[in-house]
Amino acid sequence: MGTGTLTGRVEYIHPYGRGFLIYTDKEWTPGSLALSEDVLQIVGEEIITIPLKFVVSIDKSINLPVRREGRAFLLIEYANIKRRETVYLLISSEERFIRRVRFEILKRITVKTKVMYSSGESWVPGYMFVEDYTLIFKGPRVVKIGVEEILDVARTNVKYGLNKVGVILITYQKEGEKKKLGLFVQPIKRVFFWQLIQQMVDDYLNSKVVNDLSNLEKQVVHLVTMEWKYEDIMRKLELTSEDMEKILEKLVRYGLVQKIVILKVTERGKKVMSYLSEEFPQLS
C-alpha cells in the first residue's frame, strides 16, 4: 500500500539518550523532517536517517524537558545497528503536526507486520490497514471496522491452542450486533498496534466533539461523561424528549456515547474533557 511523503519543520535533540542514559542538557537544533514509506529523516546540523524497521518504541516514558506552550514532543527509540545500541531522537513541533507524524509512523510500521486475527471463528493470518478512520483486516477473511462502530479496545489474554497469549480485543457493533475481534501480534510490535488504534479513536473523538458538534450537543456529551442521567440532562438544559432523542441519535451515530470510557481514560480524551470543562464551567 503506497504512502506519500510527510514533511515539516521541527526542532530536535539527537541523541537525546543512548540505552539507559538520558541527556537533559542538550540544546534544541532546528531542522526539517521527511517521513517516507520506510524511512524517517531529519536534516539539520546533521542528517539523521532512521529506517522504520529499526524503530523500537515511540513515546517511551522517560524524563523529558519542560514542555513549551503550543509545542509537543515525539520521542523515538531506534536500534543503531552499526553501534549495536539503542538511541533516542526527541522531536518538537506544533502539536497537530507531531500527532500526524506519530500516527503516520505507526501506520507504516503496522502495515508491514504480519498478524493473526479472529472474529469469532478460527485464527487466520493477515495484515491490518488503517484507511479513513477504518480498521481493515486483510487475509482469508476481510473484516472492516469503522471507528464509529468501536465500543471498547482492551488488552487481555485468550486461549490459543494449549497456551494463553496476549491479544488486543476490539469490541464493536455492526448492524446492531455486538462483535469481538482478537488481534494477535508478536509482543515486540504489539504496542505499536495498541498505540495506533488508541490514537485513531482519540483523534476521531476529538474531531467529532470539538469540530462537528453544536454547543448544545457538546454540553450533552460533557454531562454524559460526568455520568448524569438523561432525565437530569434534559431538566438542566431545558430539553424536550424529542430534542434529547435527536441529539442522542447523532451522538450514537458518531459512536460518542459508546466511547465514554475510552474518552475518559486516553490522554487525548482527557484533553477533550478538559476542553469541555473549560468551555462549560457552569456544568462542572
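1. The model is predicted: local features need pLDDT of at least 70, side-chain atom pairs count only at pLDDT 80 or more, and totals for chains, interfaces and linings use all residues. Residues are numbered from 1 along each chain as its sequence is written, and side-chain values use heavy atoms, with hydrogens and water left out.

2. Three aromatic pairs are found in a search of the whole structure. Rings of Phe, Tyr and Trp (its six-membered ring) pair if their centres lie within 6.5 Å; planes under 30 degrees apart count as stacked, over 60 as edge-to-face and the rest as tilted. Tryptophan 28 and phenylalanine 73 are stacked, because their ring centres are 5.7 Å apart and their planes stand at 15°. This pair links distant parts of the chain, 45 residues apart: tryptophan 28 belongs to the loop between strand E2 (21–22) and strand E3 (29–35), and phenylalanine 73 to strand E7 (residues 71–80). Strands (E, at least two residues) and helices (H or I, at least four) are DSSP runs, numbered from the N terminus.

3. Phenylalanine 73 has a relative accessible area of 10% and is therefore buried. Buried means under 20% relative accessible area, exposed over 50%, and partly exposed in between (1.4 Å probe, protein chains only).

4. Tyrosine 117 and phenylalanine 137 make a tilted pair, 5.5 Å centre to centre with 40° between the planes. Tyrosine 117 is in strand E9 (residues 115–118) and phenylalanine 137 in strand E11 (residues 134–138), so the pair ties together parts 20 residues apart in sequence. Both tyrosine 117 and phenylalanine 137 are buried.

5. Glutamate 249 lies in helix H5 (residues 241–254). With a relative accessible area of 46%, glutamate 249 is partly exposed.
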